[in-house]
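Below are my notes on the model, as numbered points. Please read them with the structure open.

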Amino acid sequence: MPDIKSILLLCSFLCFITGIFSPEVIIRWGIPSVKTRRRVLALFGGVTLLLVIITQIGESLPKTYTEFNPEEEPSNIFVFSPIEAGDRMKIYKIAETGYTNHLEINILNQQTSLGNENYNAPEGYEFVQLDLRVTNKMNEPYTLDTRELQLQTGMLEVLTPTIEDTTETRIDLAGEETIELSLVYLQPIDESYLTLTYLPLATEAESNEEASTEVSVSKIGEIIKTKQTMIQVHEVRRMNQSAKAGFEYIEVSLSIKNPSNRAMTYYPFHFELECSSSPNRVKSAMGISEVETLGITELASGGMVTGTLLFEVPKGATDLKLYYQEPSLFTKQMLEINLMETSNQSLPLQSEVVLSEQWKSVDELNNRQLKVLETELIKETKYTQAKEHHQFVAVRVELTNHSAENQEYTAFDFKLMNEQGRLTMPSLLLIDNQSELTSGTLAPQESVTGYLLFEDSDLYTTFYLLYSPDNWKDSECIIQPLQ
């Protein structure tokens with residue numbers, strides 16, 4: 001049944017079309033001189049466009065479900081159930097996904113427990129048993145893998161059913177067959193909102209390919225290497241500063257080096273921590289010390305960066321293993337570092353920056369001339385102050401267009417490289433709101449002068465300025481040492 005927004009949109013569109021041909025039919029007010037197509041276009045065209053936007057926003061928002069009424073038919077979307085004596089409730093819902101066309105899944109019942117005489121949930125966790133009714137809506141047989149029925153927490157952590165060695169995970173459903181099954185999950189005890197999602201796993205061929213993923217194993221102190229990454233873990237510390245009861249932080253100090261022959265970007269979310277007390281690997285969180293936290297980092301060939309990763313795990317977790325997934329679409333390289341064992345190897349990673357052959361120590365490239373007029377290391381500007389153990393590198397440059405055409409420029413055509421090979425984009429912080437080099441267009445033979453502001457560790461004193469005239473569309477750039 002159409003809603004009021006659809007009816008208004010249809011009426012507005014019909015008025016718009018009619019008014020284009022006969023303005024006086026639609027505009028029934030005012031003097032004849034205002035009954036024009038322009039007035040119709042401005043009035044009803046604007047209303048139609050506004051209604052289209054409102055309709056699209058409404059469709060993109062998540063649907064609102066009504067609360068479960070026990071007197072209604074038991075094909076629940078929501079199930080509310082008390083966990084303990086008191087008001088605390090857990091809410092489950094079936095998520096809408098693109099993969100539910102061939103299955104109908106209903107939650108019949110759920111019950112929670114901290115364990116029994118054979119199994120005890122780790123501190124901060126509990127077991128939940130979901131009783132489900134699953135119907136194959138197709139005429140053809142379908143094989144369901146129970147691992148495809150996952151719980152997603154409010155923090156987007158994915159929980160899979162607890163599988164024993166004797167548990168059969170694959171269930172064959174005949175056409176239009178309905179079965180009932182019970183699945184047990186290990187979930188955070190303080191999680192109050194959970195989503196049951198159905199997401200088919202990889203095919204058997206894909207699973208075999210995934211199983212053949214090459215895994216390299218090392219210990220704390222050892223240097224582990226692939227074509228695109230060298231990693232050395234220096235130290236692992238436990239920190240009792242987690243805000244969640246029953247949890248603690250594991251801080252991992254490590255170095256990453258780029259052994260490839262081109263600049264590479266490394267992401268902290270490529271790291272995961274596995275431990276004995278958590279059913280799933282844990283992604284890294286923002287560090288307590290922002291200065292030391294390892295963020296998204298771009299390294300030149302041979303460049304290196306050192307920092308920390310922070311993981312929140314159940315208190316007392318053991319069997320700690322750090323995993324790193326190679327950031328490539330063409331390789332399936334996984335690095336595994338056993339954080340419970342330390343190697344006698346003490347030689348630390350060292351940066352060996354190799355400048356690309358396409359980075360040219362010249363003043364002009366593609367008819368654009370760059371001059372570095374001034375370089376200054378400062379701790380604060382008019383509007384802001386550098387983070388602890390950091391400094392600002394303020395670089396005053398002059399850019400000239402020697403071509404016969406207009407040329408655009410922006411501050412993000414520039415990067416700063418420190419002596420360790422880390423590449424940094426310009427900071428968005430202001431110097432004085434007047435002297436910054438921002439963006440614009442240079443006419444032929446026109447010049448522009450302004451400051452670029454970068455923030456880096458105060459451990460470094462040697463820096464290079466990189467400028468790409470084509471906004472990094474290719475790897476050609478000007479590189480100039482900063483005095």
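**Notes on the model**

1. At a relative accessibility of 47%, R170 counts as partly exposed (buried means under 20% relative accessible area, exposed over 50%, and partly exposed in between, with a 1.4 Å probe and protein chains only). This is a predicted model, in which local features need pLDDT of at least 70 and side-chain atom pairs count only at pLDDT 80 or more, while totals for chains, interfaces and linings use all residues. Residues are numbered from 1 along each chain as its sequence is written, and side-chain values use heavy atoms, with hydrogens and water left out.

2. R170 forms a salt bridge with D145, the closest N and O atoms being 3.9 Å apart (a salt bridge is a side-chain nitrogen of Lys or Arg within 4 Å of a carboxyl oxygen of Asp or Glu). The pair links distant parts of the chain, 25 residues apart: D145 is in strand β5 (residues 142-145) and R170 in strand β8 (residues 170-173). Helices (H or I, at least four residues) and strands (E, at least two) are DSSP runs numbered from the N terminus. D145 has a relative accessible area of 2% and is therefore buried.

3. The structure holds 14 salt bridges. Another of the pairs is E180 with R133, whose side chains meet at 3.9 Å, N to O. E180 belongs to strand β9 (residues 178-188) and R133 to strand β4 (residues 125-136), so this bridge ties together parts that are 47 residues apart in sequence. E180 is exposed, at 57% relative accessible area, whereas R133 is partly exposed at 24%.

4. R238 and E248 are also joined by a salt bridge, with 2.6 Å between the closest N and O atoms. Here the link runs from strand β13 (R238) to strand β14 (E248), ten residues apart. R238 is partly exposed, with a relative accessible area of 42%; E248 is buried, at 3%. Elsewhere, E272, E274, R281 and K283 are linked in a network of salt bridges.

5. E251 also lies in strand β14, which covers residues 247-257. Is E251 buried or exposed? Its relative accessibility is 11%, so E251 counts as buried. The E251 side chain makes a polar contact of 2.5 Å with the side chain of R237 (a pair of N or O atoms within 3.5 Å; within protein, one must be able to donate a hydrogen and the other to accept it, and residues adjacent in sequence count only if both atoms are side-chain atoms). Neighbours within four places in sequence aside, E251 is in contact (heavy atoms within 4.5 Å) with E235, V236, R237, M239, E292, T308, L309 and L310.

6. The largest nonpolar core has 27 residues (such a core is a set of buried Ala, Val, Leu, Ile, Met, Phe, Trp, Tyr and Cys residues joined through side-chain atoms within 4.5 Å). The residues with the most contacts inside this core are I231, V233, L254, I256, F271, L322 and L339. At least two core residues come from each of β13 (230-239), β14, β15 (264-266), β16 (271-274), β19 (304-314), β20 (321-325) and β21 (333-342). Not counting residues up to four places away in sequence, F271 touches I231, L254, I256, V282, K283, S284, L309, F311, L322, Y323 and Y324. A second, separate core of 21 residues includes L370, Y409, Y460 and F463.

7. L103 sits in strand β3 (residues 103-113). With 3% relative accessibility, L103 is buried. Apart from neighbours within four places in sequence, L103 is in contact with V134, T135, N136, K137, Y142, L144, L173 and Y198. The C-alpha atoms of L103 and E176 are separated by 9.3 Å, although the two residues are 73 residues apart along the chain.

8. L14 has its place in helix α1 (residues 4-21) and is partly exposed, at 48% relative accessible area.

9. For the chain overall, there are four helices and 32 strands. Buried residues make up 41% of the 483 residues. Of the contacts with a separation of 6 or more, 71% are between residues 24 or more positions apart.
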